Amino acid sequence: MTSTQTAAPQTILLVEDNEDNRIIYATALRYAGYCVLEAVTGTQGVQQARDNQPDLILMDISVPELDGWEATAVLKADPRTQRIPVVAVTAHALPGDEERSLQAGCDGYLAKPIPPAALIADVDRRLGRLTRSYVPPRSADSATS
Ligand code: MN
């Protein structure tokens, strides 16, 4: 058992309709210590954001019902959710996608494929986490060897 100070875990809402991607990213985020909520469609994403007030939203752009841009526009027009940062994650990578993401109100933009470690690094940076490199705690128990 460790006794490091731990704040309540920050919550990430992952909106992603591709099951493989959702599992990979959710697993990596949880391993990094985040609480992860999952949504498959833009409509579910908006509802989850309203209900659960996540600290950050990772928004796949190609999702059913509302697409990621439409869902972001809804979130940014709603006082209940407009302050939640939204990072667009898209495989389109077309010229103008980044601009369109920002026009929809997204706070950032990531192009797929993005390795899980790079996704985590981006989330860490946006949420103000410092380096993830592990520093062993100093304690009497670990004085030897
Ligand atoms: Mn998709």
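In this predicted model, helix α2 (residues 42-52) and helix α3 (residues 68-76) pack against each other, with axes that come within 9 Å and cross at roughly 25 degrees. Angles under 35 degrees count as roughly parallel, and α2 and α3 are therefore roughly parallel to each other. Their crossing is right-handed. On the α2 side the contact is made by Gly-42, Val-46, Ala-49 and Arg-50, and on the α3 side by Ala-71, Val-74 and Leu-75.

A second helix pair can be described in the same terms. Two packed helices are described by the angle between their axes and the distance between the axes. The axes of α1 and α5 come within 10 Å and cross at roughly 55 degrees.

**Helix α5 and its cover**

Helix α5 spans residues 116-126, and its buried residues are Leu-119, Ile-120, Asp-122, Val-123 and Asp-124. An α-helix has 3.6 residues a turn, so residues three or four places apart point the same way. The buried residues of α5 are covered by elements that include helix α1 (19-31) and the strands β1 (11-15), β3 (56-60), β4 (86-90) and β5 (108-111). Just after α5, Gly-128 takes a positive phi of about 80 degrees.

**The fold as a whole**

The protein contains five helices and five strands. Along the sequence they follow the pattern β-α-β-α-β-α-β-α-β-α. Of its 145 residues, 40% count as buried. Among contacts with a separation of 6 or more, 60% are between residues 24 or more positions apart. The accessible surface of the protein comes to about 8,600 Å², and carbon and sulfur atoms account for 54% of that surface.

**The manganese site**

Which residues coordinate the manganese ion? The ion is coordinated by Asp-17 (OD), Asp-60 (OD) and Ser-62 (O), at 2.1 to 2.2 Å. In sequence these donor residues are spaced D-x42-D-x1-S. Asp-60 counts as buried because its relative accessibility is 4%. Ser-62, at 35% relative accessibility, counts as partly exposed.

**Helix α4**

Helix α4 covers residues 97-103 and contains Arg-100. Ser-101 also has its place in helix α4. Leaving aside neighbours within four places in sequence, Ser-101 is in contact with Trp-69, Ala-88, Cys-106 and Tyr-109. Arg-100 and Trp-69 are 31 residues apart in sequence, and their C-alpha atoms are 8.0 Å apart in space.

| Residue | Relative accessibility | Class |
|---|---|---|
| Asp-60 | 4% | buried |
| Ser-62 | 35% | partly exposed |
| Gln-53 | 40% | partly exposed |
| Glu-65 | 57% | exposed |

**Backbone points to check**

Most residues other than glycine have a negative phi, and most peptide bonds are trans. Gln-53 is not a glycine, yet has a positive phi of about 50 degrees. Gln-53 is found in the loop between α2 and β3, and is partly exposed, with a relative accessible area of 40%. Glu-65, likewise not a glycine, has a positive phi of about 65 degrees. The place of Glu-65 is the loop between β3 and α3. With a relative accessible area of 57%, Glu-65 is exposed, because exposed means over 50%.

Where is the cis peptide bond? The bond from Lys-112 to Pro-113 is cis, with omega near -5 degrees. Pro-113 lies in the loop between β5 and α5.

How values were computed. Residues are numbered from 1 along each chain as its sequence is written. This is a predicted model: local features need pLDDT of at least 70, side-chain atom pairs count only at pLDDT 80 or more; totals for chains, interfaces and linings use all residues. Side-chain values use heavy atoms; hydrogens and water are left out. Donors are N, O and S atoms within 2.8 Å of the metal (3.2 Å for Na, K and Ca); water is not among the atoms, so sites may look incomplete. Buried means under 20% relative accessible area, exposed over 50%, partly exposed in between (1.4 Å probe, protein chains only). Helices (H or I, at least four residues) and strands (E, at least two) are DSSP runs, numbered from the N terminus. Contact means heavy atoms within 4.5 Å. Accessible areas come from the Shrake-Rupley method with a 1.4 Å probe; for residues, only the protein chains shown count as cover. Axes are lines fitted to C-alpha atoms, for helices over the stretch in contact, and angles run from 0 to 180 degrees between N-to-C directions. Angles under 35 degrees count as roughly parallel, over 145 as roughly antiparallel, 65 to 115 as roughly perpendicular and the rest as oblique. A crossing is left-handed if the near helix is turned anticlockwise from the far one by less than a right angle, and right-handed if clockwise.
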